[in-house]
Amino acid sequence: MTDPTAYLSHLELGEPDKTFLDSNELIINMGPQHPATHGVLRVILKLDGEKVLGTECVIGYLHRGVEKIAEHRTYTMFNPYVDRMDYVAAVSNGLGYCEAVEKLLNVQAPPRANYIRVILTELNRLASHQLWLGTHALDIGAMTPLFYTFRDREEILKIFEKYCGARLTTHAFRIGGCLYETYDGFERDVKKFLDFVPPKIDEYEELLTTNRIWLERTKNVGKISAADCKALGVTGPVLRASGVKWDIRKAQPYANYSEFDFEIPTGVNGDTYDRYMVRMEEMRQSLRIIRQAVERIPEGPIMAKVPRVMKPPVGEIYHSIEAPKGELGYFIVSDGSTQPYRVRVRPPSFVNLQALDIMVRGALVADVVAVIGTLDIVLGEVDR
Amino acid sequence: MHEANTYLGQNYLVLDASITAEALRILRDEEQFDYCVDLTATHYPTREKQFELIWILYSFARNERIRVKTMIADGESFPSSVEIWPTTNWLEREVYDMFGIRFDGHPDLKRILLPDGWKGYPLRKDYGIIQQDQEWVQINLGIESGQ
């Protein structure tokens, strides 16, 4: 005997009438060529109407085997490759790698080199955040900020180009210090930029911070708690927006960050809006660091004494820095030869992307785009 | 315990594979290492136990890092630590993808960076730098070779 209610309609059972749309879960493919995925990210969405039930990320489209390449290059030869991971913050990548190898070699970069490193790395953080803001706002539907941020980012790229000849994949640092001395007028250019950019950041804020559409699209969207962040290993502005005051520049200072005064901005709600506010404040704090550095930059050598053929003693090292996107770590194993035995890159974007699923569960499809933007991922780094 | 040591100011533990899973749990629950920074592996083809698994842990409360290392043989699997640190989900998948080390109890152990049908584990030392899965490339990309 079958269940007598099996033939009754939903109306007779007192249940809402089910259409094919809400009775079936819908599987929709977003990407890998979607303009809002910041590269080639494919997200499989499980939907109930507009509501997201779950997601699965398919990554690897940009996999180039960077870690394998490292095992077949000398320490110096691998240096330019790290620029190609997070290609909007190449300077940070280079800093992390050079410092890791310096630790293995027991070499200390000279003070002047450290100042140059800090100035360029912070400029790059600013450039990375500007690019993030422009594309993130564009994803949500605000087109104007993109033009504003790209206009101002250009000034940073000009300084990079004058310093080392490249705009994006800079290869600015070498193991042991910096290869290039600053060009004539470097300090003037940086100071000019420091006066130029603060009103521009206020301008971005004027466009967005109190904009009603922006508030609607970002407040309470993609919330993540501090506990979830720690469990999922999420770092960088995303962690700080959830209220954890943690920045490697303060917690375990590298280069000469301990010499500068700056604040770590934090958020409260851990939503997209707070992450926006944290990054805006980080831009201003970067400017503060650059101003201190450029005023106090000492004279002296820019390169430590490093052997021409680098053979670090047998051993291993983990060194991490606060990249614009979170904790960027290098784990390097040396077997005493000229080539690293193993290089492991701990990319912030890869780990942060894992949080996408819990951040969008229960949200709307349009919010997925907002959350991918707010995580600030670069697929070159996710896939390596 | 085999070894507790410091190199270049960084602490690490080398543990026997049989006690490592329990040690990881203790490190989180009792020693406050609540953030698993990274999980990775290294291949040493000449050793009897070829693979070294490395966890890099961080404690927010103590502002301290520690590395936990253990050796396992080829073909051996290791208990998954997804329950201890959910972040290891993708990290374990990457280790599986690159080294072929299986993690017992992982909710969805499959390749992450390479395509699902790929044969071979690229970060093993016996895998050549220009080596590839010719068959996969020919079937799926319709070209003779990726080189």
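The close-ups below show parts of a predicted model.

**View 1. The end of helix H15 of chain A.** H15(A) is followed by A:Asp376, which has a positive phi near 55°. How many of its 11 residues are buried? The count is 9, and H15(A) is mostly covered. The buried residues are A:Asp367, A:Val368, A:Val369, A:Ala370, A:Val371, A:Ile372, A:Gly373, A:Thr374 and A:Leu375.

**View 2. The pairing of E1 with E2 in chain A.** Strand E2(A) covers residues 42-48 and is joined to E1(A) by 5 bridges in the antiparallel sense. Which residue of E2(A) is the bridge partner of A:Ile27? The partner is A:Lys46. In a regular strand, side chains alternate between the two faces of the sheet.

**View 3. Strand E4 of chain B between its two partners.** E4(B), residues 51-59, has 7 buried residues out of 9, so the strand is largely enclosed by the rest of the structure. Strand E3(B), residues 35-43, runs antiparallel to E4(B), and 8 bridges join the two. Within this pair, B:Thr40 stands opposite B:Ile54 of E4(B). E4(B) also pairs with strand E5(B), residues 64-72, over 9 bridges in the antiparallel sense.

**View 4. The hairpin of E4 and E5 in chain B.** There are 4 residues between the two strands of this hairpin. One residue of the hairpin, B:Asn63, takes a positive phi near 50°. B:Ser59 stands opposite B:Glu64 in E5(B).

**View 5. The contact of chain B with chain A.** Here 25 residues of chain B are in contact with 29 residues of chain A. On the side of chain B that touches chain A, the elements that give two or more residues are E3 and helix H2 (88-99) of chain B. Which element gives the largest share of that side? It is E3(B), with 6 residues. By residue class, the side of chain B that touches chain A divides into 16 nonpolar, 6 polar and 3 charged.

**View 6. Helices H6 and H7 of chain A.** H6(A) covers residues 144-164 and H7(A) residues 186-208; they pack at an angle of about 165°, with their axes 10 Å apart. That angle makes H6(A) roughly antiparallel to H7(A), because angles over 145 degrees count as roughly antiparallel. H6(A) passes H7(A) in a left-handed crossing. Residues of H6(A) in the contact include A:Thr144, A:Tyr148, A:Asp152, A:Ile159 and A:Tyr163. Among the residues they meet on the H7(A) side are A:Phe186, A:Val190, A:Phe193, A:Lys200 and A:Leu207. The residues of this contact divide into 12 nonpolar, 2 polar and 5 charged.

Terms used: Residues numbered from 1 in each chain as written. Chains lettered and ligands numbered in written order. Predicted model: local features only at pLDDT ≥ 70, side-chain atom pairs only at ≥ 80, totals over all residues. Pairing = 2+ DSSP bridges. Buried ≥ 20, exposed ≤ 12 C-beta atoms within 10 Å, placed from the backbone. Contact = placed C-beta atoms within 7 Å. Nonpolar A, V, L, I, M, F, W, Y, C, P; charged D, E, K, R; others polar. Axes fitted to C-alpha atoms, helices over the stretch in contact; angles between N-to-C directions. Parallel < 35°, antiparallel > 145°, perpendicular 65-115°, else oblique. Left-handed = near helix turned anticlockwise from the far one by under 90°.
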